[in-house]
Structures are given as C-alpha cells and as structure tokens.
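Colleague: Can you walk me through this one? Put the model up and start wherever you like.

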Amino acid sequence: MGNAPVKEVANSSTVEAAPAAKPKCKACCACPETKKVRDQCIVERGESECGDLIEAHKKCMREQGFNI
C-alpha cells in the first residue's frame, strides 16, 4: 500500500467569505417580484404567516449584493 496524498480540509471558521458584490440599485428597487408578493402576504395574512416569502426576498436581496 502506497502513501495516499492527504487532502487538507479548511476549517469553516478560518475561511473568509468573498465580499458581496456592490448593489447595482437602491434597496427599494431591488427584487420587485419577491418584494411585491412578500408585502401583499404581510398585509393580508400577517408577518408570522409569510416567513417563506420573507426569506425568499432576503435571499434575493443578498444575491443583489445587499448585506441583510
């Protein structure tokens, strides 16, 4: 049996996240699709019933470069 190369595994606490891209627009104008359905849900059903839509909007905002 030969010596197999050892694969190094980075500790997640030492790996730095890549800096987010600078937003291309203002927060008020980003992700209009998810914002509209999120807002409508909150008005009609209340914030506690719209967690999935809120998270979808947050994800979209992060993808657009906003740190939320």
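Modeller: Let's start with a cysteine. Cys 25 counts as partly exposed, because its relative accessibility is 31%. Here buried means under 20% relative accessible area, exposed means over 50%, and partly exposed is in between, with a 1.4 Å probe and protein chains only. This is a predicted model, where local features need pLDDT of at least 70, side-chain atom pairs count only at pLDDT 80 or more, and totals for chains, interfaces and linings use all residues. Residues are numbered from 1 along each chain as its sequence is written, and side-chain values use heavy atoms, with hydrogens and water left out.

Colleague: How many disulfides does the structure hold, then?

Modeller: Two. A disulfide is a covalent bond between the sulfur atoms of two cysteines. Cys 31 and Cys 60 form a disulfide, with sulfur atoms 2.0 Å apart. Cys 31 lies in the segment before H1 and Cys 60 in helix H2, so this pair ties together parts 29 residues apart in sequence. Helices are DSSP runs (H or I, at least four residues), numbered from the N terminus.

Colleague: Is that disulfide left-handed or right-handed?

Modeller: Left-handed, because the torsion about the S-S bond of Cys 31 and Cys 60 is about -95°. Both Cys 31 and Cys 60 are buried.

Colleague: And what about Cys 41 and Cys 50?

Modeller: Cys 41 and Cys 50 form a disulfide too, with sulfur atoms 1.9 Å apart. Their link is left-handed, with -90° about the S-S bond. Cys 41 is buried at 6% relative accessible area. Cys 50 is buried at 0%. Counting bonded cysteines along the chain, the pattern is 1-4, 2-3.

Colleague: Switching topic. Which residues of H1 are buried?

Modeller: Thr 34, Arg 38 and Cys 41. Seen down the axis of H1, they fall within an arc of 65°, so they line one face of the helix. That arc is taken from the directions from the helix axis to the C-beta atoms. An α-helix has 3.6 residues a turn, so residues three or four places apart point the same way.

Colleague: What do those buried residues of H1 pack against?

Modeller: Helix H2, residues 51-63. Contact means heavy atoms within 4.5 Å. The face of H1 turned away from its buried side carries the exposed residues Lys 36, Val 43 and Glu 44.

Colleague: Zoom in on Thr 34. What is it in contact with, leaving aside neighbours within four places in sequence?

Modeller: Ala 56, His 57 and Cys 60. Thr 34 is buried, because its relative accessible area is 19%. Its side chain also reaches the backbone oxygen of Cys 31 at 3.3 Å.

Colleague: Last one. Which residues make up the largest nonpolar core?

Modeller: Five residues: Ala 30, Cys 31, Cys 60, Met 61 and Phe 66. A nonpolar core is a set of buried Ala, Val, Leu, Ile, Met, Phe, Trp, Tyr and Cys residues joined through side-chain atoms within 4.5 Å. Leaving aside its neighbours within four places in sequence, Ala 30 is in contact with Cys 25, His 57, Met 61 and Phe 66.

How values were computed. A polar contact is a pair of N or O atoms within 3.5 Å; within protein, one must be able to donate a hydrogen and the other to accept it, and residues adjacent in sequence count only if both atoms are side-chain atoms. Helices (H or I, at least four residues) and strands (E, at least two) are DSSP runs, numbered from the N terminus. A disulfide is a pair of cysteine sulfur atoms within 2.5 Å.
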